[in-house]
Amino acid sequence: MADAQVLTHRLRDALESLDRPRIEELFRLAVGRQAPLQVIENLIVPALVEIGEAWADGRVALSQVYMSSRICEELVARLLPPSVPVRKGQLRQAIAVLGDYHLLGKRIVLSVLRASGFDILDYGRMEADELVDRALADDLQILLISVLMLPSALKVREVRAAFEERRRPIRIGVGGAPFLFDDGLWREVGADAMGRNAADGIAMVRRWAGEVSS
Amino acid sequence: MTPQQRVQAAMAHRQPDRVPVFLLATMHGAKELGLGIREYFSRAEHVIEGQLRLQAKYRGDCVSASFYSALEAEAFGCETMFIEDGPPNCAGPVLRRDEDIDRLRPPRVIETPGLLRVLEAIRGLKERLGGRLPILGSAIAPFSLPVMQMGFARYIELIYEQPRRLARLMAVNRRFCVAWANAQLAAGATAVGYADPVSSTTIVPRDLYLRTGHRVATSTLARIKGPTAYHLASGRGLPIARDIAATGAVAVGVSALDDLAAWKAAVGDRVTLVGNLNGVAMRRWTAADAEGEVKRAIAAAGRGGGFILADSHGEVPWQVPDEVLLAIRAAVERWGRYPLDWTGG
């Protein structure tokens, strides 16, 4: 197994068990060997992706995903202060909780995306009308929507309809429990993609950034 | 057999005449009465009448006296936000700072109007039904209530980082949970659902559960003076199936994400399994889908009793139409008659 993979697995294990001294040790080791961007790309993102996939398969718990993402967000903030140029030139993107009051999923995706070097606006919790107005005002290209309850998931339709009415091609990515329990729901409500975990959020945002730049 | 006898037989791990079915449509009663959800839950008589009409329509084997989860957070001072097409939400944390836990006191059931409405509904249902149908109450586990009391993210941080404050919060919540569950039993509830989604392995790993939620559950359930059903509210639980069976609960709700047959193999006749129809997907089921899902669940866990067919969350979504619930009920009638020879067991 390549060194980078070994380091990734070790970091994943340390994150899952919240072994902070070990996390710091592995982080220092990586920073000593690689440039900040490489540490993010080759170590932190793969570790978070592995943890996200393990959650989707039921092998790790949400509490571990949340604490891991929070720790990684701190590590990346140390590597990449907001003024570093690598954060510039990304698509205009935001994340929101639609309708309901369950904020944890959004918080995790936000942390994972920021830990992966993405700039993303945090809209907090909003109703559909407010979310549409804010997305249009910010001229978004990507809107990620997190929900926990089925009625909230169904409100994504209203957001999509409002964007279409105004002929604004904003990509909508959705995530949350209703979409996990009904794998056809994201298409039904007019989303462009569904994420089963925070790692899918990274893939989604990267794919759309690639499509726009090409 | 009456529904009560059917459920009792199943829970004693004997074969009743057919598989019992719980269609836990807590909000659908509002549709029956032509009321909005907020208005429906504002009076006990609405819920009594709603549950009786639903039972007459679906012919389920219980009635539910549950209103909505945020009611228990209301008792601690949280504000409830109602929506027109789903369960009310807790609008924000009442424990805004971690230090607030140090001063927290358990609210008294008799001083909380919302809880008193539930007790009134239980008494009314008991009066109308006698002992013919089980009446289900519900209480949120001390380990899960903090999601509403302080917000999910802060609560996870508390679990990992502040064990002393966690212990204090659990002590307060346990006193409230025990008092609330016992009040429902005293009012006439047959059993109380112990809703503990945070203990699911979807939310916390097993080793953490054994140090936290499991201990809380064991000590709480021991103080509740009647049967309890442990519910993970759609969260996965198979890795902790035997642990849950050891808490003292007599039944457990199984997630649609878990394998019912594997659960049955894991717990044997120690607890009755309740589940595991997918409530979210149910919204779009055809009659054939409903029949297929009912057959799958019965084939997985029905043999020998110890099984009650239900949705996997403990609450059927508002969006699930009558046609689907009636199709489920018809499929139970067709495929749920013991001895279930068609399952090949």
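I started with the buried residues of H2 in chain A: A:Ile23, A:Leu26, A:Phe27 and A:Ala30. They span an arc of only 100 degrees around the axis, so they sit on the same side of H2(A). I kept in mind that this is a predicted model.

Next I checked the other side of H2(A). There I found A:Pro21, A:Arg28 and A:Gly32 exposed.

What covers the buried residues of H2(A)? I noted that the cover includes three helices of chain A: H1 (3–16), H3 (36–56) and H4 (62–79).

I then looked at the length of H2(A). The helix runs over residues 20–33, which is 14 residues. From first C-alpha to last it reaches 20 Å, close to the 20 Å expected at 1.5 Å a residue.

I moved to chain B for peptide bonds. The bond from B:Gly275 to B:Asn276 is cis, and its omega is near -25 degrees. I located B:Asn276 in strand S9 (residues 272–277) of chain B.

A further cis bond runs from B:Tyr338 to B:Pro339, with omega near 20 degrees. I placed B:Pro339 in the segment after helix H16 (322–335) of chain B.

Last, I looked up phi. B:His13 is not a glycine, yet its phi is positive, at about 60 degrees. I found B:His13 in the loop between helix H1 (3–11) and strand S1 (21–22) of chain B.

B:Ala233, also a residue other than glycine, has a positive phi near 50 degrees. Its place is the loop between strand S7 (228–231) and helix H12 (241–245) of chain B.

Technical notes. Residues are numbered from 1 along each chain as its sequence is written. Chains are lettered from A and ligands numbered from 1 in the order in which they are written. This is a predicted model: local features need pLDDT of at least 70, side-chain atom pairs count only at pLDDT 80 or more; totals for chains, interfaces and linings use all residues. Side-chain values use heavy atoms; hydrogens and water are left out. Helices (H or I, at least four residues) and strands (E, at least two) are DSSP runs, numbered from the N terminus. The expected span of a helix is 1.5 Å times one less than its number of residues. Buried means under 20% relative accessible area, exposed over 50%, partly exposed in between (1.4 Å probe, protein chains only). The arc is that of the directions from the helix axis to the C-beta atoms. Contact means heavy atoms within 4.5 Å.
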